[in-house]
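Please open the model in your viewer and keep the sequence panel beside it. The tour below moves from one selection to the next and says what is to be found at each stop.

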Amino acid sequence: GENDQLLMLGLSAYTWWKFLHVVGVIAFVTFHGVSVMAALRVRKELDRGRIATMLQLSGSSVTGMYVSLAWLITFGVIAGIQGDYWDDGWFWISIGLLVLVIGEMSAVARPYYQRVKEAVEVRPSGVPRRSDEELEEILRSRVAVWNAAFGAAVLLAITYLMIFKPFQVF
């Protein structure tokens, strides 16, 4: 069958599931990298039009980010089942870290960027919704730096867990 053909090529089904998982990780980092770079760059910008453009660019990568996140989760779970890692601590810690970072980004990053987006909006009368001082105060927040550092740290931790597989069996 199909598994026999894969084995004849020297590849197990697990290897393919793991490959598809890593492809999802690469796609996720690529799409999400657009948002991270925009988030860090927007902190230094004062022109409302440029800020709005960077936020739109960031927003344009969101669909790809969520699709690749679903892809990497799906194939990560399948690879975990195929690799018989279901009972291993590193597998569950990785899932827990992913849930933690998704929760943090939803609770902290999303509301922050909603505030930035609102702050750069200009009313039909031509008057900005927020003063230049209010916009600067919002942009000086450490939220973007915190989220970038936190996301990178979690990504490195999950990478470590996947490669070195500590806590193999509870």
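Begin by selecting Arg41, Glu45 and Arg50, which are linked in a network of salt bridges, a salt bridge being a side-chain nitrogen of Lys or Arg within 4 Å of a carboxyl oxygen of Asp or Glu. This is a predicted model, in which local features need pLDDT of at least 70 and side-chain atom pairs count only at pLDDT 80 or more, while totals for chains, interfaces and linings use all residues. Residues are numbered from 1 along each chain as its sequence is written, and side-chain values use heavy atoms, with hydrogens and water left out.

**The salt bridges**

Glutamate 45 is buried, with a relative accessible area of 9%, whereas arginine 41 is partly exposed at 37% and arginine 50 is partly exposed at 46%.

The structure holds 6 salt bridges, and another one to select is that of arginine 140 with glutamate 136, where the closest N and O atoms are 4.0 Å apart. Because these two residues, arginine 140 and glutamate 136, lie 4 residues apart in helix H6, they are separated by about one helical turn; helices here are DSSP runs (H or I, at least four residues), as strands are (E, at least two), numbered from the N terminus. Arginine 140 counts as exposed, at 53% relative accessibility, and glutamate 136 as partly exposed, at 32%.

**The nonpolar core**

Next, turn to the largest nonpolar core, which has 29 residues, and select Ile51, Tyr112, Tyr113, Val116 and Leu139, the members that touch the most other members. Such a core is a set of buried Ala, Val, Leu, Ile, Met, Phe, Trp, Tyr and Cys residues joined through side-chain atoms within 4.5 Å. Two or more residues are given to this core by each of H2, helix H3 (48-60), helix H5 (89-120), helix H6 (132-140) and helix H7 (143-164), and the largest share, 11 residues, comes from H5.

Which residues is tyrosine 112 in contact with, leaving aside its neighbours within four places in sequence? They are Ile138, Leu139, Ser141 and Val143, where contact means heavy atoms within 4.5 Å.

**Serine 68 in helix H4**

Now select serine 68, which lies in helix H4 and is buried, with a relative accessible area of 5%. The side chain of serine 68 reaches the backbone oxygen of glycine 64 at 2.8 Å. Once its neighbours within four places in sequence are set aside, serine 68 is in contact with Gly24, Ala27, Phe28 and Phe31.

**The nonpolar surface patch**

Stay with helix H4 (residues 62-82) and move to tryptophan 71, which is partly exposed, with a relative accessible area of 36%.

A distance drawn from the C-alpha atom of lysine 18 to that of arginine 48, 30 residues apart along the chain, spans 43 Å.

**The segment after H7**

Finally, select lysine 165 in the segment after H7, and then phenylalanine 167 in the segment after H7. Most residues other than glycine have a negative phi. Phi of lysine 165, however, is near 45°, a positive value, and phi of phenylalanine 167 is near 55°, a positive value as well. Is each of these residues buried or exposed? Lysine 165 is buried, with a relative accessible area of 16%, whereas phenylalanine 167 is exposed, with a relative accessible area of 52%.

Technical notes. Buried means under 20% relative accessible area, exposed over 50%, partly exposed in between (1.4 Å probe, protein chains only). A polar contact is a pair of N or O atoms within 3.5 Å; within protein, one must be able to donate a hydrogen and the other to accept it, and residues adjacent in sequence count only if both atoms are side-chain atoms.
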